[in-house]
Amino acid sequence: MHLAALWVWLQGEQQLFRWRQQRVRARPAAELRQLRHELRCSRLAQQAQDHWHALIIRREPIDPERLGAPQRGELELLEQWASGDSSTPLPADLRKALQAAHCPPDTGSIRHLLVDLGRWEAHHLPSLQASPWQLGFSPELEQLAQQLVDRHGEPQPGDDQRVDLTHLGVVTIDDADTQDIDDGLALEEVNGSWRFWIHVADPGRLVAAGDPLDLEARRRASSLYLSRGNLPMFPLALATGPFSLRAGQRCAAWSMWVELDEQGAIGASGVQRSWVKPRYRLSYDDADELIELAPPEERDLERIHGLMARRRAWRVGQGALLLDQPEGRIRSRDGEPCLEITDPSPSRLMVAEAMILAGAVVAGIGQTQGLALPYRSQMPAELPPKAELEQLPDGPVRHAAIKRCLSRGLTGTSPSSHFSLGLPAYVQATSPIRRYADLVVQRQLDAHLHGGNPIDAPALQELLTELEGPIRQGIQISREDQRHWQQVWFEQHKGEQWRAQFLRWLRPQDRLGLVHVESLAMDLAAECPAHSEPGDQLLLRVQLVDPLRDQLRLLASA
């Protein structure tokens, strides 16, 4: 019996002896030390793993620096799942810890867990992660930008071809918090009639095609304007500095002039590189007040407003659609969601019309001269009959019926009509600090006007195709950002109700419709009563909201 017990002991986890060549032999001291070291490391590793899993179960904030490499690997795997990538399976022990923490292995639940662990920012946008906008500008690019800021007052190539327009009373109009100012407006009396000027910032004066800063801007394709702020296409030192049309400073610009006939059609126009000196920087509220009051010493804005109203009426006569209505979006102020409603005020409509006019002028030049440009177009649409539209309430309900018939805008290198703008050709050309394609327009004009070599249509199409990827990515990030902050806002107001109008069905089989909430100035998807018709009055409330799970369900009742 003693021999049997000894045999069992020898076959167990003891380390002193081993069975070799049909005999029990004592292990050498060196081998014993190695075994004990390995056992100790194994126990420490298991303790570290148990401690890590205990933190998960207790959902306590963690310091990754105090975790071992295997635990950091599991943490990174959880962060990968939280970002929406579940291609790598979770280890069995980690799944058990998640189960004990009442955390199902899905994206939303893991995000909630990581927030508790202090490893996930509650307003993190997965689509922004590792994008050019989130990565920012490298120290080398920031240094290059500062060098351009330092020497922007020095003569640059092409400056001798600029026309001095600093005598014009240029005014810039933007939102109060806008820092990168792309455009300004001015009025000049020429031979008893009014010549309208649209001045656009000229980043190409300092940044040449193919330069490192240009290539980075090309990689981004546009600036992003998110709820928490601006992620620019160029470093801020440039975008808000020498690129911007700043009041009281001599600024490089591209200037388009237009003389409208009595109906609002373009009678004469032109474009040239220039120097301008904006006199005023106005917010839209300031501009609205000047338009309304029209003081004798400052009547230019009221006159410009009249000209743009005439131009707008002309476009309507050409078939343009006027679908202006208040627009609501959620902004983040110090981490808190804030509803911001933008009304189509007189100054906003005036500026928007001026930008469309500038695009028509540039497109006209390109069309006449056979110049390849990134033309924006829209296929003609068959709208509902007039009698049918008139039966719908004016405003969002009627607009929704029209919008569902419209096709998406297209970009190509040949001029083509734009249905909803009522124009035979159109080019976006007034935001070169924020849109790379607008900077390309300026370079094409420069090459054409000053004896250079414009990019031909195939090469321009290749460039536009390259820009499509980052443009789509930017749109996706912006939509995810606004959707998230809407969810955060509704989470804070989930006990409230809002009056809504039914617009149209999205998925009638699921009773999912589109409703308009006037007090929020938003169109929102909601579960609606069966047989709802456009214009029906509904009452909207939150059924379910969870921003970390990207969930928002709204219920509209009669």
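I began with cysteines, taking a disulfide to be a pair of cysteine sulfur atoms within 2.5 Å. I looked for such pairs and found that the structure holds 0 disulfides.

Before going on, I noted that this is a predicted model, in which local features need pLDDT of at least 70 and side-chain atom pairs count only at pLDDT 80 or more, while totals for chains, interfaces and linings use all residues. I also noted that residues are numbered from 1 along each chain as its sequence is written, and that side-chain values use heavy atoms, with hydrogens and water left out.

**Cysteines.** For accessibility I used relative accessible area, with buried meaning under 20%, exposed over 50% and partly exposed in between (1.4 Å probe, protein chains only). Cys-251 counts as buried because its relative accessibility is 4%, and Cys-338, at 32%, counts as partly exposed.

**Cores.** I next looked up the nonpolar cores, each a set of buried Ala, Val, Leu, Ile, Met, Phe, Trp, Tyr and Cys residues joined through side-chain atoms within 4.5 Å. The largest has 38 residues, and Ile-173, Leu-185, Phe-196, Ile-198, Met-308 and Met-350 are those with the most contacts inside it. Among the elements that each supply at least two residues of this core are β5 (183-190), β6 (193-201), α11 (300-317) and α12 (346-369); helices (H or I, at least four residues) and strands (E, at least two) are DSSP runs, numbered from the N terminus. The largest share, 10 residues, comes from α12. I then followed Met-308, which, leaving aside its neighbours within four places in sequence, is in contact (heavy atoms within 4.5 Å) with Phe-196, Leu-260, Met-350, Glu-353, Ala-354 and Leu-357. I also recorded a second, separate core of 36 residues, which includes Leu-141, Leu-213, Ile-433 and Tyr-436.

**A helix pair.** I turned to helix α3 (residues 69-82) and helix α5 (residues 107-116), whose axes come within 8 Å and cross at roughly 130°. I therefore recorded α3 as oblique to α5. The contact is made by Leu-75, Leu-78, Glu-79, Trp-81 and Ala-82 of α3, together with Thr-107, Ile-110, Arg-111 and Leu-114 of α5.

**Ser-478.** Last, I looked up Ser-478, whose place is in helix α16 (residues 457-492), and which is partly exposed, with a relative accessible area of 25%. Not counting residues up to four places away in sequence, Ser-478 touches Leu-224 and Leu-226. The C-alpha atoms of Ser-478 and Val-517, which are 39 residues apart along the chain, are separated by 21 Å.

Notes: Axes fitted to C-alpha atoms, helices over the stretch in contact; angles between N-to-C directions. Parallel < 35°, antiparallel > 145°, perpendicular 65-115°, else oblique.
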